[in-house]
Amino acid sequence: MAKFADIKGFVFDLDGVITDTSIFHSQAWHQVADKVGVKWDDSLADALKGISRMDSLNLILARDHKENDFTAAEKEALATEKNDNYLKLVAQMTPANILPGIQAFLDDLKAKGYLLSLASASKNSPLVLKHLGLSDYFTKSVDPASLKHGKPDPEIFRRGAEILNLDPAQCIGVEDAAAGVQSINGAGETSVGIGDPKVLAAADVNFTETAQLTLSNIEAAMA
Ligand code: BG6
Ligand code: MG
């Protein structure tokens, strides 16, 4: 693990770290799973975290060996239906949907001169940031449409450091998904996992709640 004193930037995941949208993604996929007759459970919900829209649909279908039961056009329609379900939930979002402690953490990072970037797989992240009132904090974002590989591949977190003109070793990546932690580790950044330590066992540092995300807690955990 890097030394805390060498850290200059933070690369953030969005859904499930900055805001509670991971529940909305799950709700919207659950509706699609019911429609295609795939049983929904917590392990499926966890496996979908951090994964791109089409990869998520393929994972749901593969759970019940249905991946070859739909044409590409039918899959597109299902993915669009999921996104429409999701956007109805996003439309209601306000700054109250920022997870506990995150606003204070971002303000502290900015005040202390750390650089911030966003490494979200979501094509909806600009809209979500706007609803949260956080667009000005994340002027540097990796465009998920430009990626060759999604999480768990390291590409997205590597690019998150690159757009800050930092070496990955100078960055901390923050994630709630196992696939995301794997991406951070592969990129050579220090990984901070938020959530169940069993699911995020590969993280360098783990906090169960976003409220624990403070510079002093991170510094202590990296010592
Ligand atoms: C990730 C979420 O941030 O973005 C996933 O954790 C989601 O659940 C993925 O599938 C893609 O998001 P979107 O909004 O482009 O469908
Ligand atoms: Mg996430």
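**Before you start**

This is a predicted model, where local features need pLDDT of at least 70, side-chain atom pairs count only at pLDDT 80 or more, and totals for chains, interfaces and linings use all residues. Residues are numbered from 1 along each chain as its sequence is written, chains are lettered from A and ligands numbered from 1 in the order in which they are written, and side-chain values use heavy atoms, with hydrogens and water left out.

**Exercise 1. Describe the chain as a whole: which elements does it have, and in what order do they run?**

Step 1: Read them off from the N terminus: β-α-α-α-α-α-β-α-α-β-α-β-β-α. The radius of gyration, taken over C-alpha atoms, is 17 Å, close to the 17 Å that the globule rule (2.2 Å times the number of residues to the power 0.38) gives for 223 residues, so the chain is as compact as a globular protein of that length.

Step 2: Check the burial. Of the 223 residues, 48% count as buried, where buried means under 20% relative accessible area, exposed over 50%, and partly exposed in between (1.4 Å probe, protein chains only).

**Exercise 2. Work out the sheet: in what order do the strands lie?**

Step 1: Line the strands up. The open sheet has the order E2-E1-E3-E4-E5, with parallel pairing; two strands pair if DSSP finds at least two bridges between them.

Step 2: Find the edges. Strand E2 (115-118) and strand E5 (205-207) each pair on one side only.

Step 3: Zoom in on one pair. Strand E1 (residues 9-12) is joined to E2 by 4 bridges, and Gly-9 has Leu-115 as its bridge partner in E2.

Step 4: Helix H7 (residues 155-162) lies across E1, E2 and strand E3 (171-175), at about 135° to E3. Helix H9 (residues 215-222) lies across E1, E3, strand E4 (190-194) and E5, at about 140° to E5. Those angles run from 0 to 180 degrees between N-to-C directions, with axes being lines fitted to C-alpha atoms, for helices over the stretch in contact.

**Exercise 3. Look at helix H3: which of its residues are buried?**

Step 1: Pick them out. In H3 (residues 53-63), the buried ones are Ser-56, Leu-57, Ile-60 and Leu-61. They span an arc of only 130° around the axis (using directions from the helix axis to the C-beta atoms), so they sit on the same side of H3.

Step 2: Recall the helix rule. An α-helix has 3.6 residues a turn, so residues three or four places apart point the same way.

Step 3: Find the cover. It includes helix H1 (21-36), helix H2 (42-48) and helix H4 (72-90).

Notes: Helices (H or I, at least four residues) and strands (E, at least two) are DSSP runs, numbered from the N terminus. Contact means heavy atoms within 4.5 Å.
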